[in-house]
Amino acid sequence: MPNSSCPRPPSECRVTRRQFQGALVKGAAAAWASVCAFGSLASLASVGSRAKADDDNSQSNKPSRPGPYVDVHTHLGQTWNSTEPLTAEELLRWMDAHGVEQAVVLPLVSPEASSYPITTDFVLAQTAPHRDRLVPFCSIDPRTSFGGGQQGLVDMLRRYVDAGARGFGEHKPGIDIDDPRNLRLYAACNELKLPLLFHIDNERNMDTPGLPGLARALKEAPDCTFIGHGPGWWASISADAQQADLGGYPKGPVAEGGAIDKLMDEFPNLRGDLSAGSGAGAISRDLEFGRKFLIRRADRLMFGTDFLAPGQAVPQFELFEETIELPAEVANKIFRENARKVLGLA
Ligand SMILES: [Zn+2]
């Protein structure tokens with residue numbers, strides 16, 4: 001939307017993303033308004049790629065129009081002993097700088113998930129003053145003691161839902177993904193129709209190539225939307241993924257027919273979270289496949305970063321704003337609308 005205070009028409013805007021971020025870092029919002037054709041932050045976030053398109057003399061009618069984003073994967077507090085703690089205010093400032101309108105904040109309660117436990121109650125309290133932008137999830141380790149049978153577990157989750165939780169995760173316990181203790185958690189999420197964001201690697205939610213354990217989970221909890229994340233999930237974009245790949249970051253060409261595609265064909269309750277090095281790497285390891293995959297699975301994929309510490313580098317912005325240009329309709333779904341639907345915000 002053109003801003004009347006801008007001295008130039010949009011077609012002449014030559015401001016790069018880096019200049020845009022620099023202006024924000026310097027707190028020079030007013031100075032920015034004097035050089036940019038766009039008034040709102042959400043519009044500002046899209047300027048980088050438009051300017052790049054201008055510089056490239058690109059005539060594309062379908063810019064990816066990145067942002068405003070809904071980020072389905074962030075954390076607050078101190079996650080690792082090697083990272084600094086992140087406050088809600090710092091997260092909100094980072095969101096402003098990158099055109100992220102809303103972010104899901106995920107607890108980490110399993111000992112395998114982080115160096116310090118980040119409890120659901122902490123996440124609910126930290127997000128409480130900012131619920132218009134920070135969307136809390138809840139989590140329970142599947143090895144937790146509880147009474148009352150399956151109903152007891154459902155009641156524990158319902159307490160969190162009543163306090164504002166809109167999903168379950170980050171689910172990252174050091175047991176098999178189809179361990180009976182996990183299956184009863186999925187059944188509880190299924191009963192409450194809570195979306196569940198899970199991490200797979202060779203130490204957490206373990207599975208084997210082809211992800212047969214995940215298939216069992218998807219089948220047993222059809223009303224639960226499962227959101228895949230992590231090395232084991234993303235390595236499974238390729239049909240040739242080996243067991244070691246499920247714990248790493250495989251590079252090189254993707255072989256068609258990977259477990260992600262097969263499971264997405266079979267189970268409508270499966271989504272993918274593009275966050276972290278694993279999500280960015282799955283797309284960037286084979287850009288030709290990656291772009292087609294994003295377009296083909298435009299209804300199933302959601303933007304995410306796994307931002308959890310001040311100053312953390314996030315590869316998703318460069319990937320989606322400098323490297324891959326998506327049709328506007330695809331970008332709209334992946335960058336925000338799919339998440340809004342899953343989170344019940346649409
Ligand atoms: Zn995470």
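Of the contacts in the chain between residues at least 6 apart in sequence, 78% join residues at least 24 apart, a contact being heavy atoms within 4.5 Å. The model is predicted: local features need pLDDT of at least 70, side-chain atom pairs count only at pLDDT 80 or more, and totals for chains, interfaces and linings use all residues. Residues are numbered from 1 along each chain as its sequence is written, and side-chain values use heavy atoms, with hydrogens and water left out.

The secondary structure of the chain comes to 15 helices and 8 strands. Helices (H or I, at least four residues) and strands (E, at least two) are DSSP runs, numbered from the N terminus. Of the 346 residues in the chain, 54% are buried. Buried stands for under 20% relative accessible area, exposed for over 50%, and partly exposed for values in between, with a 1.4 Å probe and protein chains only.

**The sheet**

Five strands form an open sheet in the order E4-E5-E6-E7-E8, with parallel pairing. Its edge strands, E4 and E8, each pair on one side only. Two strands pair if DSSP finds at least two bridges between them. The table lists pairs in this sheet.

| Strand pair | Bridges | Direction |
|---|---|---|
| E5 (residues 196-199) and E6 | 4 bridges | parallel |
| E6 and E7 (residues 270-273) | 3 bridges | parallel |
| E7 and E8 | 2 bridges | parallel |

Between E5 and E6 the chain passes through helix H9 (residues 212-220), and this β-α-β crossover is right-handed. That term applies if, with the strands pointing away from the viewer, the path from the first strand over the helix to the second runs clockwise.

In a regular strand the side chains alternate between the two faces of the sheet. In strand E6 (residues 226-229), Phe226 and Gly228 point one way and Ile227 and His229 the other, and all are buried. Strand E7 is likewise covered on both faces: Leu270 and Gly272 on one side and Arg271 and Asp273 on the other are all buried.

Histidine 199 is opposite histidine 229 in E6. Isoleucine 227 stands opposite arginine 271 in E7, and glycine 228 is opposite glycine 272 in E7. Aspartate 273, in turn, is opposite methionine 302 in E8.

Helix H8 (residues 180-192) has 13 residues and spans 19 Å from its first C-alpha to its last, close to the 18 Å expected at 1.5 Å a residue. The expected span is 1.5 Å times one less than the number of residues. Buried residues in H8 are Asn182, Leu183, Leu185, Tyr186, Ala188, Cys189 and Asn190. An α-helix has 3.6 residues a turn, so residues three or four places apart point the same way. The cover over the buried residues of H8 includes helix H7 (149-162), strand E4 (168-171), E5, H9 and E6.

Lysine 193 is in the loop between H8 and E5. Its phi is near 55°, a positive value in a residue other than glycine. Lysine 193 is exposed, with a relative accessible area of 56%. Alanine 276 also has a positive phi in a residue other than glycine, near 70°. This alanine 276 is in helix H12 (residues 276-284) and is buried at a relative accessible area of 14%.

**The zinc site**

The protein donors of the zinc ion are His73 (NE2), His75 (NE2), Glu170 (OE) and Asp306 (OD), at 2.0 to 2.5 Å from it. Donors are N, O and S atoms within 2.8 Å of the metal (3.2 Å for Na, K and Ca); water is not among the atoms, so sites may look incomplete. In sequence the donor residues are spaced H-x1-H-x94-E-x135-D. Histidine 73 lies in strand E1 (residues 69-74) and aspartate 306 in the loop between strand E8 (301-302) and helix H14 (315-323), so this pair ties together parts 233 residues apart in sequence. Histidine 73 is buried, with a relative accessible area of 0%, and aspartate 306 counts as buried at 13%.

The angles among the 4 donor atoms run from 83 to 168°, and the site is irregular. Four donors count as tetrahedral if all angles lie between 85 and 135 degrees; four count as square planar and six as octahedral if opposite donors are over 155 degrees apart and all others between 65 and 115; anything else is irregular.

Glutamate 170 lies in strand E4. A cis peptide bond, with omega about 10°, joins glycine 169 and glutamate 170.
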